[in-house]
Amino acid sequence: MRRGLPPAHRATTVELRTLYPFVVPEDLGVDGCYIGREASGSLFCFDPWECYAKGKLTSPNMVVFGQIGRGKSAFVKSFVWRELCFGRHCWVLDPKGEYGALAAASGAAPLRLGPGLGLRLNPLDVGPAVDVGPAAQTAQAGPAAHAAQAGQSPAQTAQPGQSPAHQRRAELLGALLGSSLGRPLLPQERAAADVALSVAEERSALPTLPLVAEALLRPEEQQARLLGTDLDGLRQDGRQVALELRRLVHGDLAGMFDGETSPGLDLSAGVVVLDLSRLYSSPALGLLMVCALSWLQSTLAVGSATKRLVVLDEAWALLSHLATARWLQATFKLSRSYGVANVAVVHRLSDLKAAGQEGSEQQRLAEGLLADAETRVVFGQAPGEAERAGELLGLSRNEQALLCQLPRGVALWRVGQSSFLVEHELCPEELALADTDAAMR
């Protein structure tokens, strides 16, 4: 018996975990690829689909934060590489051209997109991603046939929202035009674009942006009557959006999204990388990422057995415009339907705050990505970021303080409501795939 001392304190592991986070961590309890070691020394494994299946998460999406040089990119690349062993596939939007070695190691060359490179993608080719049932198929094929029987032109029967395919194309078109204009579309502009899209769909089984631009610049009387205006009024309503769309067709961004998709592209490889590095300094980077991602998504099918990671590196470019931020949020919400886990990669927590003015819809959308991404991986942050991290991620004071002290390769993981401090480990083969410092050496 200890004389003069108070009796020893006894506590459960739950109580100790609260008092001493990371010393007595909660076991995630799922099978998955090896990530590294927790602060307690135990192994840490993770897979978004396994966590979802076991009720640890309600969303498979992830957000990865980290200052330059803290190991963020190395983690993402090695995570993709290891997930291949579990039969997962991955698509990467690569604005900086850093994933070429990973693509080559998986047996596929990156798809390099840029003016003059000869690769074209049709973002309006929604493909099997749209669940088109018999009624929708009739709606898609019907207007042209009924118009021919009635002696009418297709424009007379084009109706906005006539199929799920049309709705997806209209959402994408609105995001592209809003991003290019730098403002939300006016009601008359959105209506003019919607009717022009319907006309393009009637003129081709696979509508393209040039067909939509042509319908906007040269509308017909029947289209004007659908919107209760005259020909001159409709032409004026759609002129500004038509000129912006023309930029993708004939302007400085021509040659990438101005026709049908280049034949022979194979998306069945384990890792498919879309290299956008030729356009990294372009103010239209977010717009181009939306086009590229939309084309990738066109090959998805509802209930697909193949599970895919979709890595959005430099995701701030998509969050920098209200229209593309809205579109990205909608994409995140559809992830479960297509068996997709989106991985948005940004540098700082403040990137979400800086997406728009304080209290703006744009800022709320950017921060709302966290609600649709229940796995948050935070590498080292500057001291000024700790408080923001606490607000956005619901961190304790101990966790906030840790973010400023994390060495390279160590991250705070928030998986649902559980926290883990994990040291990421790389094997020699992965070091070569993850190297981004070659130019500095």
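Helix 7 and helix 14 run roughly antiparallel to each other. How do we know? They pack at an angle of about 150°, and over 145 counts as roughly antiparallel, so the label follows. One reminder: this is a predicted model.

Helix 7 covers residues 164–181, and helix 14 covers residues 322–333. Their axes are 7 Å apart.

Which residues of helix 14 make the contact? Ala 323, Thr 324 and Trp 327 do. On the helix 7 side, we have Glu 171, Leu 172, Gly 174, Ala 175, Gly 178 and Ser 179. Sort this contact by class, and you get four nonpolar, four polar and one charged residues.

Now the aromatic rings. How many aromatic pairs does the structure hold? Seven. Take Phe 75 and Phe 79, which form a stacked pair. Their centres are 5.6 Å apart, with 15° between the planes. Planes under 30 degrees apart count as stacked, so this pair qualifies.

Look at where the two sit. Both belong to helix 3, residues 72–83. They are four residues apart there, so about one helical turn separates Phe 75 from Phe 79. Are they buried or exposed? Phe 75 is buried, and Phe 79 is too.

Phe 75 and Phe 79 belong to one aromatic cluster with Phe 44, Phe 46, Phe 379, Trp 413 and Phe 420.

Last stop, a charge over a ring. Lys 77 lies over the face of Tyr 99, 5.2 Å from the ring centre.

Notes
Residues are numbered from 1 along each chain as its sequence is written. This is a predicted model: local features need pLDDT of at least 70, side-chain atom pairs count only at pLDDT 80 or more; totals for chains, interfaces and linings use all residues. Side-chain values use heavy atoms; hydrogens and water are left out. Rings of Phe, Tyr and Trp (its six-membered ring) pair if their centres lie within 6.5 Å; planes under 30 degrees apart count as stacked, over 60 as edge-to-face and the rest as tilted. Helices (H or I, at least four residues) and strands (E, at least two) are DSSP runs, numbered from the N terminus. Buried means under 20% relative accessible area, exposed over 50%, partly exposed in between (1.4 Å probe, protein chains only). A charge sits over a ring if NZ of Lys or CZ of Arg is within 6 Å of the ring centre and within 35 degrees of the ring normal. Axes are lines fitted to C-alpha atoms, for helices over the stretch in contact, and angles run from 0 to 180 degrees between N-to-C directions. Angles under 35 degrees count as roughly parallel, over 145 as roughly antiparallel, 65 to 115 as roughly perpendicular and the rest as oblique. Contact means heavy atoms within 4.5 Å. Ala, Val, Leu, Ile, Met, Phe, Trp, Tyr, Cys and Pro count as nonpolar, Asp, Glu, Lys and Arg as charged, and the others, Gly among them, as polar.
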